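Work through the exercises below with the model open. Try each task before reading its solution.

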Amino acid sequence: MAKNQADLVRTIIENVGGKDNVISLTHCVTRLRFVLKDDHLANKKALTDLDEVMTVVQAGGQYQVVVGEKLVVPLYDLAMSQLQLASGDKEEPVAKESTGIVSKVMDSISGVLSPILMVLAAAGLVKGLMSFFSSLGWIDTDSGLYMILYALGDGFFYYFPILLGITAARKFKVNEFVGAAIGAALTYPTMVNLSSTADVLGTVFQGTSFEMSYYTTVFGIPVIMPGSGYTSSVIPIILAVLFAAKLDRSLRKALPDVLKNIVAPFVTLVVTVILTYLVIGPVATLISNSLAWLVSALYSIPYVGGAIAGAILGGGFGVLVMFGLHWAVLAIAISNIAVNGFDYIAVVTAVGPFVGMAQGLAICAKARSTKVRNLALPATISQICAVGEPLMYSILLPLKKEYAINIVCGAIGGVLLGISGAKAYLMGGQGLFGLANYIDPATGNMSDFYKVLICLVIAMVLTFIVEFIMYSDKRAEEALQ
């Protein structure tokens with residue numbers, strides 16, 4: 001066991017292959033997410049033997065060291081200091097072994113969204129609670145308190161592209177303010193309000209689900225974008241900053257030193273913003289609309305569509321979480337809310353924390369083993385706060401049958417939520433803190449909230465009963481020894 005956190009970080013770095021083997025490092029709620037030049041240089045056994053490390057997961061092009069929500073931030077800060085990694089415009093070294101396109105996409109999405117997760121949850125919780133309190137008549141929507149707090153919650157999502165521009169710039173190794181400037185251009189009020197202040201010049205994809213009007217042109221090319229502009233959007237800013245990073249590096253290699261710091265950002269911003277409005281944004285919007293259409297089409301299959309989607313997402317989301325790949329699904333959900341004002345995916349994936357919560361409570365209630373209770377109690381508390389990794393890695397996976405129960409009960413809960421047709425209107429808090437996500441902030445309608453609540457209660461009761469019956473102290477102690 002490491003004597004202190006600095007020693008622990010040094011040990012972790014040594015066992016991921018040393019400082020020279022680390023390309024980049026990010027973190028989420030519970031994981032240090034390394035991108036390594038060569039995964040084979042890492043010593044997985046030595047890492048998992050550390051008391052502070054729950055497990056090691058290799059997925060999405062990342063070498064993920066799971067240390068829990070208490071340690072992840074201080075260890076990340078120490079690791080960044082020891083590795084001397086920093087955001088900026090330094091080009092990433094090329095890994096010795098190429099990774100697949102899926103791994104690269106997963107790594108990019110998690111790297112961009114992970115740093116902003118906790119603030120996203122906080123802002124979503126604020127916005128959700130304001131909608132909840134106003135629906136119950138507990139707060140007047142004309143009051144100063146409501147307007148200030150709603151501005152906090154809604155403002156975060158409205159200017160989401162600026163914040164993602166910063167984290168994307170860190171991920172893709174370009175100046176953070178380049179990313180922020182691109183995000184600001186995408187949320188500039190004149191462009192956002194174009195659909196309400198200018199006349200329609202034409203329409204593309206007319207008569208289809210992807211129909212969009214345009215109100216201005218550049219060089220005779222239509223500027224096609226959603227009616228609300230790119231506020232709250234995810235995919236356009238990520239693609240735009242990725243392009244900007246590559247362009248900026250190319251310019252800096254080609255330009256003489258005296259011009260690099262002036263010409264490179266100027267050309268990068270002008271070209272990227274124009275290209276984003278003309279090409280990147282429309283393509284990203286088409287991708288988002290297509291994904292939303294596919295999900296809606298699945299739900300629209302008579303009788304069984306919602307149940308199929310619910311079973312796949314409800315049961316499979318825990319598997320994605322295990323590998324740290326759930327960001328791809330959550331990114332789609334955020335995009336759907338930005339485009340359509342609601343989403344089905346976020347509703348179905350909400351069942352996971354509640355199923356885990358019920359399992360944890362059942363184990364705590366039945367277990368007599370001190371070892372099991374010492375593991376299960378803090379893990380269940382974390383699960384109530386929608387942090388599922390401690391319960392998953394300390395109890396569910398080692399016991400195997402408990403993990404199978406989690407998947408099956410998650411699928412059943414997902415079927416119920418899929419059949420209900422409930423929608424999520426926000427992407428904020430998770431677990432108990434995410435229930436307000438299902439209240440329509442525009443109308444205060446709570447019908448989806450009640451649908452979700454009923455389905456989750458049924459799923460939790462079923463899970464608790466199954467887990468209470470199936471759990472065995474003897475089997476748990478044998479698995480955990």
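Predicted model: local features only at pLDDT ≥ 70, side-chain atom pairs only at ≥ 80, totals over all residues.

Residues are numbered from 1 along each chain as its sequence is written, and side-chain values use heavy atoms, with hydrogens and water left out.

**Exercise 1. The sheet**

Task: Work out the strand order of the open sheet and the direction of its pairing.

Solution. 
- Step 1. Strands are DSSP runs of E with at least two residues, helices are runs of H or I with at least four, and both are numbered from the N terminus. Two strands pair if DSSP finds at least two bridges between them.
- Step 2. Start with β5. Three bridges link it to β6 (residues 212-218), and the two run antiparallel. One of the pairs to look for is Gly202 with Tyr214 of β6.
- Step 3. Go on from β6. Three bridges also join it to β7, again antiparallel. Here Tyr214 has Ile224 of β7 as its bridge partner.
- Step 4. The open sheet has three strands in the order β5-β6-β7, with antiparallel pairing. β5 (202-204) and β7 (221-224) are the edge strands, each with a single partner, so one side of each has no neighbour in the sheet.
- Step 5. Neighbouring strands are turned by 55 degrees against each other on average, direction ignored. The axes are lines fitted to C-alpha atoms, for helices over the stretch in contact, and angles run from 0 to 180 degrees between N-to-C directions.

**Exercise 2. Positive phi**

Task: Locate Lys173 and Ser232, and give the phi of Lys173 and of Ser232.

Solution. 
- Step 1. Recall the background. Most residues other than glycine have a negative phi.
- Step 2. Lys173 has a positive phi, near 65 degrees. It sits in the loop between α7 (160-172) and α8 (176-186). Its relative accessible area is 12%, so Lys173 is buried. The classes are buried under 20%, exposed over 50% and partly exposed in between, with a 1.4 Å probe and protein chains only.
- Step 3. Ser232 has a positive phi near 70 degrees. It belongs to the loop between β7 and α11 (235-254). At 21% relative accessible area, Ser232 is partly exposed.
- Step 4. Look at the hairpin of β6 and β7. Two residues lie between the strands, and Phe219 in the turn has a positive phi of about 55 degrees.

**Exercise 3. Salt bridges**

Task: Which residue pairs with Arg252, and which with Lys260?

Solution. 
- Step 1. Apply the criterion: a side-chain nitrogen of Lys or Arg within 4 Å of a carboxyl oxygen of Asp or Glu. The structure holds six such salt bridges.
- Step 2. Arg252 pairs with Asp248 at 2.9 Å, N to O. Both lie in helix α11, four residues apart, about one turn of the helix. Asp248 is buried, at 2% relative accessibility.
- Step 3. Lys260 pairs with Asp257, with the closest N and O atoms 3.1 Å apart. Both belong to helix α12 (residues 257-299), three residues apart, about one turn. Lys260 is partly exposed at 22%, whereas Asp257 is exposed at 62%.
- Step 4. Lys45 is exposed, with 58% relative accessibility.

**Exercise 4. A loop residue**

Task: Is Ala424 buried or exposed, and which residues does Ala424 touch?

Solution. 
- Step 1. Ala424 lies in the loop between α19 (401-420) and α20.
- Step 2. Its relative accessibility is 0%, so Ala424 counts as buried.
- Step 3. Contact means heavy atoms within 4.5 Å. Not counting residues up to four places away in sequence, Ala424 touches Ile337, Gly341, Phe342, Asp343, Ala346, Val347, Asn437 and Tyr438.

**Exercise 5. A nonpolar patch**

Task: Which helix gives the largest share of the nonpolar patch?

Solution. 
- Step 1. Patch residues have over 30% relative accessible area and no salt bridge; like charges are joined within 9 Å, nonpolar side chains (Val, Leu, Ile, Met, Phe, Trp, Tyr) within 5 Å.
- Step 2. The members include Leu361, Tyr450, Ile458 and Met470, and the whole patch has about 1,100 Å² of accessible area. Areas come from the Shrake-Rupley method with a 1.4 Å probe; for residues, only the protein chains shown count as cover.
- Step 3. Helix α20 (residues 447-470) gives the largest share, 11 residues.
- Step 4. Check one member. Ile458 is in helix α20, and Ile458 is partly exposed at 46%.
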